[in-house]
Amino acid sequence: MAATIVPIGFGARLDPPALIIDYTERATGKNRRRIIPIRNITQSTCKDVVTKLKPRHGTYIDAVGEKQINEVLSRLREALLSVNQGNLNVLPDELLEERKKEMHQDFERHQISKDDPAFQYDVRKDFGPPKQTSNWDSDTGNSEESECINVNVDGGVGVVNAVQCYNSYCL
C-alpha cells in the first residue's frame, strides 16, 4: 500500500506535538495531508514512538522512511524538552506570542500597583551572606601589578611589565 501514496512534504508541529505528512494519492492524483499526533515523546525514545505509530500509520511511515521520521522526531523531542526547560527560542512566532501573553498576565497578577494597600515605596531587603564567593562584585580594589598590553602611538604593540592595573585598566 506504500506505493499508493507519494510523499511531497514532511514536518512536525510543536503544539500539540504531531508529524505532518503531505502526500499525493496515486490513484486519484489528489493532494492530502495526514496529521499524526505524537504522545509521550519526551518520556520515550524516537524508535519506540515509531514502533507505536506503525500499526495505525504504517503506510505513511513507510512512504516517508523511518530514518527521516526518526530525525524529525529527535528534533521535535529536543525542541519540546528545550521549551519545558524555559528556552523559548525554539518556538514559532505564534506560540512565542502566546507564551509572552501568559507571562504578561502572570506578571500583572503578581504586580503591586501604587494604589494597592500593600504597596511600599523603596523596599530594601537583606539577603544575608552570599552562598558562594564571586570576585566581580567585591568592593576590595585589586591594585596588584600585572602585565598590560600597551599600544604605542606609532602603532606598535608591546607588553609592559610592572604597570599599575586596577580592574583591568592600566594606570
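The model is predicted, so local features are reported only at pLDDT of at least 70 and side-chain atom pairs only at pLDDT 80 or more, while totals for chains, interfaces and linings use all residues. Residues are numbered from 1 along each chain as its sequence is written, and side-chain values use heavy atoms, with hydrogens and water left out.

**The whole chain**

Begin with the protein chain coloured by secondary structure. Three helices and six strands are present, and from the N terminus the elements follow the order β-β-β-α-α-α-β-β-β. Helices (H or I, at least four residues) and strands (E, at least two) are DSSP runs, numbered from the N terminus. Of the 171 residues, 21% are buried; the term buried means under 20% relative accessible area, with exposed over 50% and partly exposed in between (1.4 Å probe, protein chains only).

Next, select residues 5-13, 18-25 and 31-37, which are strand S1, strand S2 and strand S3. These three strands form an open antiparallel sheet in the order S1-S2-S3. S1 and S3 are the edge strands, each pairing on one side only. From one strand to the next, the twist averages 20°; angles run from 0 to 180 degrees between N-to-C directions, and axes are lines fitted to C-alpha atoms, for helices over the stretch in contact.

Strands count as paired if DSSP finds at least two bridges between them. Eight bridges join S1 to S2, and Ala12 has Leu19 in S2 as its bridge partner. Seven bridges join S2 to S3, where Tyr23 has Arg32 in S3 as its bridge partner. Zoom in on the hairpin of S2 and S3: five residues lie between the two strands, and Gly29 in the turn has a positive phi of about 80°.

**Ile21**

Now select Ile21, in strand S2. Ile21 is buried, with a relative accessible area of 1%. Leaving aside neighbours within four places in sequence, Ile21 is in contact (heavy atoms within 4.5 Å) with Gly9, Phe10, Arg32, Arg33, Arg34, Ile36, Tyr60 and Val64. A distance to display is that from Ile21 to Arg34: the C-alpha atoms are 5.1 Å apart, and the residues are 13 apart in sequence.

H1 lies across S1, S2 and S3, and runs at about 135° to S3. Helix H2, residues 66-84, also packs on the sheet, touching S1 and S2, and its direction makes about 15° with that of S1.

Within H1, select His57. His57 is buried, with a relative accessible area of 7%. Apart from neighbours within four places in sequence, its contacts are Arg34 and Ile36.

**The largest pocket**

Finally, select Pro37, Ile38, Arg39, Asn40, Ser44, Val49, Lys52, Leu53, Arg56 and His57, which line the largest pocket. On a 1 Å grid over the protein atoms alone, where a 1.4 Å probe fits, a pocket is an open set of points with protein on both sides within 12 Å along at least five of seven lines, and lining residues have an atom within 4 Å of a point. About 200 Å³ of space lies in this pocket; a volume is the space filled by probe spheres set on the points, which are joined across faces, edges and corners.
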